[in-house]
Number of protein chains: 2
Amino acid sequence: MSLLFKHLRIHQIFGANTDVGKTILTTALVRASAALKNEVFYLKPISTGPIQDADDEHIRRHCGAPQGKVHADCLYRFHVPVSPHLAAQIAAEGEADKIVPDDTFLNSISSYVRRCASRVSDPAHLYLETAGGVHSPTLSGVTQLECYRPLFLPTILVGDARLGGISATISAYESLLLRGYIVDAILLFRDQYYRNSEFLTPYFAERGTEVTAVNAPPPKAVDAAENLASTEGYYENLNLLPVVQNLDMRHQQRLAELDSMPRRSIDTLWWPFVQHGLVKSEKDVTVIDSASSDFFAVYNAQNAGRSTSSLESQFDGSASWWTQALGHAHPALTLAAARASGRYGHVMFPQATHAPALLLAERLLHDGPGKDWASRAFFSDDGSTAMEVALKMALRAFSVREKLEGTERKALGVLGIKGSYHGDTIGAMDACAEEGVFTCEWHNAKGYWFDPPTVSIQEGRAIVTLPPALAAVAAKNDYRVNTVNSMSWVYDLTGRLDSPLAQVYREYISHTLDELERSGGPRLAALVLEPLVMGAGGMIFVDPLFQRILVDVVRERDPAPSDLTGDWRGLPVIYDESTIPFLGAAPDISVHAKILTGGLVPLAVTLASDSIFRAFYSTKKAEALLHGHSYTAHPLGCEVANETLKLIEREVRSEPWVAAKARWNFDGAPSAVWSLWDPRFVQALSCLQNVTEVMTLGTVLSVKVKDVQAGRCQSSWCQLTFSVHFRTLGNVAYFMTSLNTAPETIRTVEDKIWKALETKHLFE
Amino acid sequence: MSLLFKHLRIHQIFGANTDVGKTILTTALVRASAALKNEVFYLKPISTGPIQDADDEHIRRHCGAPQGKVHADCLYRFHVPVSPHLAAQIAAEGEADKIVPDDTFLNSISSYVRRCASRVSDPAHLYLETAGGVHSPTLSGVTQLECYRPLFLPTILVGDARLGGISATISAYESLLLRGYIVDAILLFRDQYYRNSEFLTPYFAERGTEVTAVNAPPPKAVDAAENLASTEGYYENLNLLPVVQNLDMRHQQRLAELDSMPRRSIDTLWWPFVQHGLVKSEKDVTVIDSASSDFFAVYNAQNAGRSTSSLESQFDGSASWWTQALGHAHPALTLAAARASGRYGHVMFPQATHAPALLLAERLLHDGPGKDWASRAFFSDDGSTAMEVALKMALRAFSVREKLEGTERKALGVLGIKGSYHGDTIGAMDACAEEGVFTCEWHNAKGYWFDPPTVSIQEGRAIVTLPPALAAVAAKNDYRVNTVNSMSWVYDLTGRLDSPLAQVYREYISHTLDELERSGGPRLAALVLEPLVMGAGGMIFVDPLFQRILVDVVRERDPAPSDLTGDWRGLPVIYDESTIPFLGAAPDISVHAKILTGGLVPLAVTLASDSIFRAFYSTKKAEALLHGHSYTAHPLGCEVANETLKLIEREVRSEPWVAAKARWNFDGAPSAVWSLWDPRFVQALSCLQNVTEVMTLGTVLSVKVKDVQAGRCQSSWCQLTFSVHFRTLGNVAYFMTSLNTAPETIRTVEDKIWKALETKHLFE
């Protein structure tokens with residue numbers, strides 16, 4: 001809901017503290033704006049204290065402009081002279097639901113601003129004066145700079161001229177920076193004794209913000225008329241024209257910068273996965289000016305009209321490539337990043353330790369995805385490098401146990417599933433079949449990949465679809481599979497392990513592995529799986545039973561004696577990104593990235609069992625896992641990951657969350673299996689004429705459409721029609737929320753998807 | 001210079017603002033500590049204002065303990081009641097060099113604390129009370145929390161109970177977090193009207209810090225005796241025992257945590273490049289508690305004695321694997337990280353743009369390493385992924401121009417130099433020869449690698465050493481090379497391009513390439529170089545002339561017509577990490593990571609010329625560069641990189657820097673060639689009996705020692721002897737500073753290296 005209008009320059013005024021002269025300096029700004037022939041709006045969203053002392057009254061009294069040129073308004077007025085959150089509590093008489101929630105509050109500001117924007121055509125100015133200091137609580141009790149953040153208004157900071165004011169001003173500025181605010185100007189009173197402005201001017205000049213110091217107002221006269229006159233005289237002598245002109249310039253620069261970004265980006269960036277020859281015009285570039293929770297603020301140069309903000313709110317419908325566990329710019333993650341950066345920066349990791357990395361390793365191993373099987377955490381930078389590490393681990397463990405040497409080690413392959421994707425470095429690519437577009441010069445697929453049975457919802461019913469080879473085995477065994485009991489049943493593996501379908505899977509896998517051994521293909525040294533869903537491969541939801549049986553069969557074929565309990569058996573098994581042991585079988589190695597840092601910075605980890613670790617353990621340096629990246633286990637990433645895991649745990653483990661949000665727990669299946677999307681919506685969607693099949697799990701919704709032209713949809717196009725910035729893979733459109741996306745937001749997105757698909761507009 | 005003593009718990013007290021009751025609450029803490037039978041030290045490093053109002057006086061008056069149990073001291077006293085920086089200016093009477101510099105100030109605090117620690121044997125407490133607010137300037141004008149940061153003392157924040165105090169308290173807290181401080185407690189006065197403590201208690205509980213609110217002191221009585229009595233009465237009724245016990249507990253927890261970290265790390269971490277079988281004991285683990293500028297604060301459990309801090313300052317002698325361009329925990333980088341995190345979090349990048357990435361791309365292309373040749377910036381996560389991208393670019397460009405298909409594309413190789421290292425993902429490894437320890441199961445070296453001529457300083461003289469094959473060509477041509485004019489001459493290529501040695505290089509390279517073509521080896525599709533120095537390969541300083549001739553020969557062999565000007569010729573040339581075109585020949589592709597973010601977070605970029613970019617440009621998606629990582633161009637990293645490049649530019653381009661720091665500019669060579677190490681020291685070092693050769697360039701110093709047992713040195717061992725945490729590669733020890741390492745620090749490290757080598761102690 002960011003607001004930006006070409007003709008209406010808006011600034012919010014924050015104070016470094018209360019009583020630093022916000023209203024006086026804002027009045028001076030209003031007067032300077034009016035003197036420049038601009039129509040001026042002044043908004044005090046919340047006023048506490050007697051009406052005669054109210055700031056909007058003061059503005060009206062001293063704006064020094066004719067009626068109708070300056071508009072001063074207040075949205076919420078309380079008469080008790082206390083902080084807004086206390087005033088709101090008192091007014092609500094203890095009834096919490098009478099307190100205005102943040103979104104209502106922001107909507108009323110937003111409506112006010114839009115009304116102002118549509119009322120004027122000539123360049124106009126709007127000043128929004130906040131209450132107290134930057135972190136003073138607003139009506140709901142959330143502190144102001146958090147509450148106002150979605151509007152992302154450029155900011156003027158009023159500094160503190162008193163003793164201690166240097167500190168107050170710098171700290172307030174830093175709190176603003178921590179929320180990403182643009183600070184366009186700092187104003188404060190001149191004080192000959194403490195001389196704060198003399199210190200602050202070069203301090204902030206170095207940081208790119210101009211400080212303007214002005215004389216303080218005269219002492220308040222006892223006589224009202226005298227007071228009015230002396231105040232008016234004071235304002236007449238203040239000249240903030242240069243400040244207002246500077247603000248105008250900053251506004252113009254911001255617009256010019258945003259206008260120029262698409263062209264400059266097309267000219268200099270080389271985007272990942274993008275065919276630049278298909279980027280037709282500047283309109284095809286998404287200019288992201290800021291982001292907050294689940295929304296991008298996207299600049300749209302077309303919206304230069306009076307009543308439409310040039311910044312559009314767009315739902316980040318793919319959670320920025322599945323990274324956003326907690327939404328964009330989560331304040332707790334920013335603080336975690338700041339904390340670690342301030343304490344360590346980066347420190348080298350080999351044979352060293354620091355709290356963020358150690359605590360993260362312990363959390364992942366003892367309370368996280370490594371619980372009960374993993375003993376070691378190896379950090380790297382992204383999913384692709386973590387998979388390279390996993391492969392090096394598995395191949396070495398296999399080579400050591402099988403006593404392979406030299407070229408035998410180079411010739412190893414992996415066992416996997418078609419449609420897998422593990423990243424774009426060559427090693428990760430080599431663990432995938434060469435199919436579709438994801439290949440390149442040095443890619444040499446090394447291994448064998450099964451065609452998997454998949455799970456989906458078609459015409460309201462849960463379906464397991466077998467690929468031809470499996471269907472043949474099923475037919476031979478007289479097993480007919482199609483519609484299954486329910487989606488809960490699909491994911492409740494304990495009930496399925498002895499089913500006829502399990503037998504079909506088992507026979508098919510065993511037979512294939514026998515054939516592979518006979519045929520003399522590459523020697524298989526690892527089983528590599530993306531549990532449950534192969535995302536990049538086209539949102540393929542594999543029947544979890546098939547993956548489980550695959551793991552079981554591979555392990556059961558091992559003739560090793562039972563004293564190897566705890567060691568890997570058959571082949572080292574690698575899981576790529578699974579946070580919960582859905583398959584009921586632990587891997588020997590697992591890879592975790594993406595949401596590990598809650599969607600802030602790259603960091604990845606490869607977990608390994610002790611039996612894998614021991615394959616590298618000796619007294620010879622050359623036998624170590626000689627892999628590392630400069631920023632291995634960088635403290636910033638580890639600290640953010642710790643904070644993320646803490647917040648996710650707090651969120652997901654809270655009963656209300658499950659009740660209010662995780663709406664589809666698959667009727668009685670283990671509670672780990674849930675979806676944030678409405679089951680009725682998903683079912684209905686799957687019945688639409690344009691839809692082949694639908695699937696949902698956790699935060700993900702994928703929709704396979706019939707449209708033969710599918711896949712040509714450009715993301716920029718999607719957002720324009722939709723305000724939902726989703727992604728497509730072939731003819732599959734996929735949507736993803738964060739864990740704390742508001743239920744109403746999901747409902748809105750569901751409505752949009754429904755409307756688009758009902759009228760065939762999703763891909764056209 | 002971090003301070004931590006088992007028996008002496010130290011806390012620094014910061015105020016959310018001035019006049020919030022710091023001294024009163026500190027007095028109460030001192031009384032509670034004394035009541036717990038502890039000896040207590042109170043330090044007010046700087047006091048301004050009349051002596052009778054001084055805080056240490058107040059403590060003495062009201063400590064409520066017998067003489068000798070509570071010690072109150074002040075280090076710098078000024079009589080003018082203004083901020084310390086103003087008081088210092090006034091006292092210095094305008095002479096800037098009379099103002100106490102930060103390191104002198106910190107040393108005097110540190111000495112005081114050490115004296116206190118050595119004076120007591122039973123558990124004691126020390127409270128250090130700062131002045132004003134967290135960011136109030138100290139004597140030198142640096143704000144307090146920056147100035148005190150190297151001491152890294154646990155902190156008590158005194159909150160503000162007045163109107164606006166919620167905001168002031170939270171902002172002060174956030175400023176502390178931005179410097180990584182541990183905030184152990186928040187204290188403030190109770191105020192029945194504003195009720196700040198009611199808001200702040202749950203707020204900070206959620207963030208892990210306990211808030212304690214106490215009654216405010218009685219109003220000041222006019223009569224002195226009456227005032228003394230009422231104040232004393234007030235203190236008698238305050239009970240901060242629970243707070244002091246909590247602080248004791250935090251202190252114990254911190255020590256216990258640090259004590260346990262080596263064992264826990266050995267049990268859970270899998271370190272990069274480390275043979276865990278060689279990690280003999282907990283002493284082999286470096287516990288990094290914090291870091292600042294060029295120093296780690298390393299916990300040493302052995303230092304539990306009275307007079308030695310358990311935290312040792314260790315020079316980060318390898319700049320944390322060559323990442324620290326500006327030193328650890330640089331405040332400007334933390335703020336940049338916070339700013340981008342607060343504004344964007346992470347936002348997906350394909351076909352999108354945001355200011356940090358766009359500005360970074362433009363800076364790199366137009367004013368940075370891509371100037372004059374590169375047109376595109378492709379972001380990824382680390383040097384290894386950026387090299388994979390570079391290889392994909394080069395191989396594709398070659399394949400397209402040569403119209404290769406299918407298996408021909410898979411069989412391509414690269415041309416390079418032995419000893420190269422480009423990262424640990426399989427693609428990057430495949431671009432290196434299989435030699436030494438850096439290999440693994442799937443590594444298949446693809447290409448041909450030259451044995452290079454190298455540059456070094458031996459016995460005080462600059463030497464070029466030719467490998468046997470080259471030496472043979474030289475001998476055939478009657479060219480004798482060994483001692484060269486000077487190191488400046490070596491790097492001044494313009495003067496060497498027509499030299500007899502250049503002719504030897506040219507003949508050798510041409511002949512080898514002819515032989516390779518005839519022999520039917522892999523078809524070479526790219527030339528890959530680490531310009532000037534191959535670090536991981538063993539700090540090999542290649543004769544730059546050889547690399548330049550290699551580029552020239554490869555390009556000259558291209559029979560392509562001259563209308564291809566600007567396009568790559570012969571083979572696409574990749575430079576891995578070069579920031580300045582030392583070789584006088586631009587590459588077609590270059591890779592940059594490590595110092596790109598000033599040493600904070602992973603981020604890498606691959607720059608490419610337009611002719612490389614065009615090889616992927618079409619209307620077919622499958623022909624695009626289908627490579628990407630989830631956090632591609634993450635705003636936090638890009639913003640930090642922009643800040644880094646700005647600071648480096650400011651630093652390095654300033655004349656005083658070159659004069660004061662870059663001490664070796666190779667006598668008349670281009671000013672880009674310099675070293676921060678003293679030329680006389682380097683020369684003398686090379687003459688030591690234990691030293692084979694030495695080399696220095698920029699911030700790097702490498703020392704090859706004769707010791708045959710070399711290479712077995714463990715990093716933990718190095719630090720213990722040395723307080724310099726350096727690294728070794730084979731029998732080479734290397735040292736690296738950041739760009740803003742203080743000249744005195746470098747001098748100290750030089751002295752330590754000298755002493756160690758003179759007495760044979762570097763590797764023993």
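Predicted model: local features only at pLDDT ≥ 70, side-chain atom pairs only at ≥ 80, totals over all residues.
**A sheet across two chains**

The sheet is open and has four strands, in the order S11(A)-S8(B)-S9(B)-S10(B), with mixed pairing. Its edges are strand S11 (352-353) of chain A and strand S10 (311-315) of chain B, each of which pairs on one side only. Where the chains join, S11(A) and S8(B) run parallel and are linked by two bridges, and in this stretch A:Ala352 has B:Thr286 of S8(B) as its bridge partner. Within chain B, strand S8 (residues 286-292) and strand S9 (residues 295-299) are antiparallel and pair over five bridges, with B:Ser292 standing opposite B:Phe295 in S9(B).

**The interface between chain B and chain A**

The contact draws 174 residues from chain B and 174 residues from chain A. Together the two chains bury about 14900 Å², of which 59% lies on carbon and sulfur atoms. On the side of chain B, the residues that lose the most area to chain A are B:Trp270, B:Gln351 and B:Trp442, which together account for 8% of what that side buries.

Polar links also cross this interface, where 106 residue pairs are in polar contact between chain B and chain A, counting pairs with both residues at pLDDT 80 or more. Sorted by class, the side of chain B that touches chain A is made up of 80 nonpolar, 60 polar and 34 charged residues.

**Salt bridges**

Side chains of opposite charge can pair when their charged atoms come close. Over all chains the structure holds 85 salt bridges, and 14 salt bridges are found across the interface of chain B and chain A. One pair that joins the chains and one pair inside chain A are set out below.

| Salt bridge | Distance, N to O |
|---|---|
| B:Glu441 and A:Arg396 | 3.0 Å |
| A:Arg401 and A:Asp567 | 3.8 Å |

A:Arg401 belongs to helix H13 (residues 383-401) of chain A, whereas A:Asp567 sits in the loop between helix H19 (544-556) and strand S20 (573-576) of chain A, so this pair ties together parts that are 166 residues apart in sequence.

**Domains of chain A**

Chain A is divided into domain 1 (8-253) and domain 2 (679-758). Taken over C-alpha atoms, the centres of domain 1 of chain A and domain 2 of chain A are separated by 43 Å.

How values were computed. Residues numbered from 1 in each chain as written. Chains lettered and ligands numbered in written order. Heavy atoms only, no water. Domains from an automatic or database assignment. Pairing = 2+ DSSP bridges. Contact = heavy atoms within 4.5 Å. Buried area = accessible area lost by both parts, 1.4 Å probe. Salt bridge = Lys/Arg side-chain N within 4 Å of Asp/Glu carboxyl O. Polar contact = N/O pair within 3.5 Å; in protein donor to acceptor, adjacent residues only side chain to side chain. Nonpolar A, V, L, I, M, F, W, Y, C, P; charged D, E, K, R; others polar.
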